[in-house]
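Subject: Structure for you to look at

Hello,

Here is the structure I said I would pass on. Please open it before you read the rest.

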Amino acid sequence: MKVLLVADMEGISGVTLWEQVTPGQSEWQRFRRLMTEDVNAVVDGLMSAGADEVVVVDAHWKSNNILIEQLDERAVLQSGTPAPLSMLEGIQEDVDAAVFIGAHARVGTAQAILDHTWSSNVVSDVWLNDMPIGEFGLNALLSGEFDVPVLMVSGDQAVAKEAKDWIPDIYTAVVKQAKGRYAAACLSPKQSHTLLRETAASALTQWKKSHRPLPIKTTFPVKIQLSLRHTAMADRVQFFPGVTRLDGRMVSFETETMLDIYRLFRAVVALAG
Ligand SMILES: [Zn+2]
């Protein structure tokens, strides 16, 4: 059994501020270690529940956060950017199940650590087939297109709720209670690691028994409406093939697959910024 472990950084144990997750800033080195420890706890939980292979995706910023020299030796690390499928690189390679850790809530969520969707500087909001969507939903739907279920999420209580809205029977490990965008009551790393290990083991054990949760799917064609931060961003992307400008800051585009919309979304956000 092969599991893709997608690790973002904002929802890692103890993280509350941008300087803790921004390469080159003062606290990034400390939090790289904490991120690697969260990853290792989940790898251990998955392995104890019978996973044969765990591929860890370093899914934050330039994908150079996890300390490979401290990574559990049973895991393989997907590192560096850009990778063809970005946060989900590897999902296309015979994966049985996925877990998302260190996750964060979508842009505009109250009491959510570092809430944003893909880029704080570029993205004001996103809807997919008229449903508000953040990174969790985008990644879960792309996983679903490859028939891969998402078994677990970790982060604050806000992303746990967002994940349950998409996948009611997902396992959640809430390692901090957010009180605002930059403030949370955080478990100690030791407590957090126990919770992560046990949640990962329970999620995989349960999935082996029941094959629940199921992969999630959307309807096709799939349409994204993207509200950008500034009108100049819409000026830059409005002539991109397939993109329609709806108003000052809103653009939309439509494709026949989640894979195509995921790629187009990333391209439009990159070009807009
Ligand atoms: Zn991130």
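Below is what was found in it, starting with the whole chain and ending with single residues.

The model is predicted, so please keep that in mind throughout.

Overall form. The protein has 6 helices and 12 strands. Its radius of gyration is 18 Å, close to the 19 Å that the globule rule gives for 273 residues, so the protein is as compact as a globular protein of that length. The C-alpha trace spans about 50 × 40 × 30 Å along its principal axes. Of the 273 residues, 51% count as buried. If you take the contacts between residues at least 6 apart in sequence, 66% of them join residues at least 24 apart.

Domains. The domain assignment gives domain 1 (2-115 + 134-210) and domain 2 (222-272). The contact between them takes 5 residues from domain 1 and 5 residues from domain 2. On the side of domain 1 that touches domain 2 there are 3 nonpolar, 1 polar and 1 charged residues. The C-alpha centres of the two domains lie 27 Å apart.

The core. The largest nonpolar core has 94 residues, and Leu5, Ala98 and Val99 have the most contacts inside it. Helix α1 (residues 28-48) gives the most to this core, with 9 residues. Domain 1 and domain 2 both give residues to the core, so it lies between them. What does leucine 5 touch, not counting residues up to four places away in sequence? Its partners are Val39, Val42, Val43, Val54, Val55, Val56, Val57, Val99 and Ile101.

Helix α3. This helix covers residues 157-166, and its buried residues are Ala158, Val159, Ala160, Glu162, Ala163 and Trp166. The cover over these buried residues includes α2 (135-145), β7 (150-156) and β8 (171-178). As background, an α-helix has 3.6 residues a turn, so residues three or four places apart point the same way.

Asparagine 121. This residue lies in the loop between β4 (97-101) and β5 (123-128). Is asparagine 121 buried or partly exposed? Asparagine 121 has 13 other C-beta atoms within 10 Å, so it is partly exposed. Leaving out residues up to four places away in sequence, asparagine 121 touches Arg229 and Gly273. Isoleucine 133 is 12 residues from asparagine 121 along the chain, and their C-alpha atoms are separated by 17 Å.

Backbone details. Most residues other than glycine have a negative phi, and most peptide bonds are trans. Some places in this chain are worth a look with that in mind.

- Asparagine 129, in the loop between β5 and β6 (131-132), has a positive phi of about 45° although it is not a glycine. It counts as partly exposed, with 16 C-beta neighbours inside 10 Å.
- Aspartate 130 lies in the loop between β5 and β6, and its phi is near 70°, a positive value in a residue other than glycine. With 8 C-beta neighbours inside 10 Å, aspartate 130 counts as exposed.
- Arginine 212 and proline 213 are joined by a cis peptide bond, with omega about -5°. Proline 213 is in the loop between α4 (189-210) and β10 (222-228).
- The peptide bond from phenylalanine 220 to proline 221 is cis, with omega near 0°. Proline 221 lies in the loop between α4 and β10.

Regards

Methods. Residues numbered from 1 in each chain as written. Predicted model: local features only at pLDDT ≥ 70, side-chain atom pairs only at ≥ 80, totals over all residues. Core = buried A, V, L, I, M, F, W, Y, C linked by C-beta atoms within 7 Å. Buried ≥ 20, exposed ≤ 12 C-beta atoms within 10 Å, placed from the backbone. Helix = DSSP H or I, 4+ residues; strand = E, 2+ residues; numbered from the N terminus. Domains from an automatic or database assignment. Contact = placed C-beta atoms within 7 Å. Rg over C-alpha atoms; globule rule 2.2 N^0.38 Å. Nonpolar A, V, L, I, M, F, W, Y, C, P; charged D, E, K, R; others polar.
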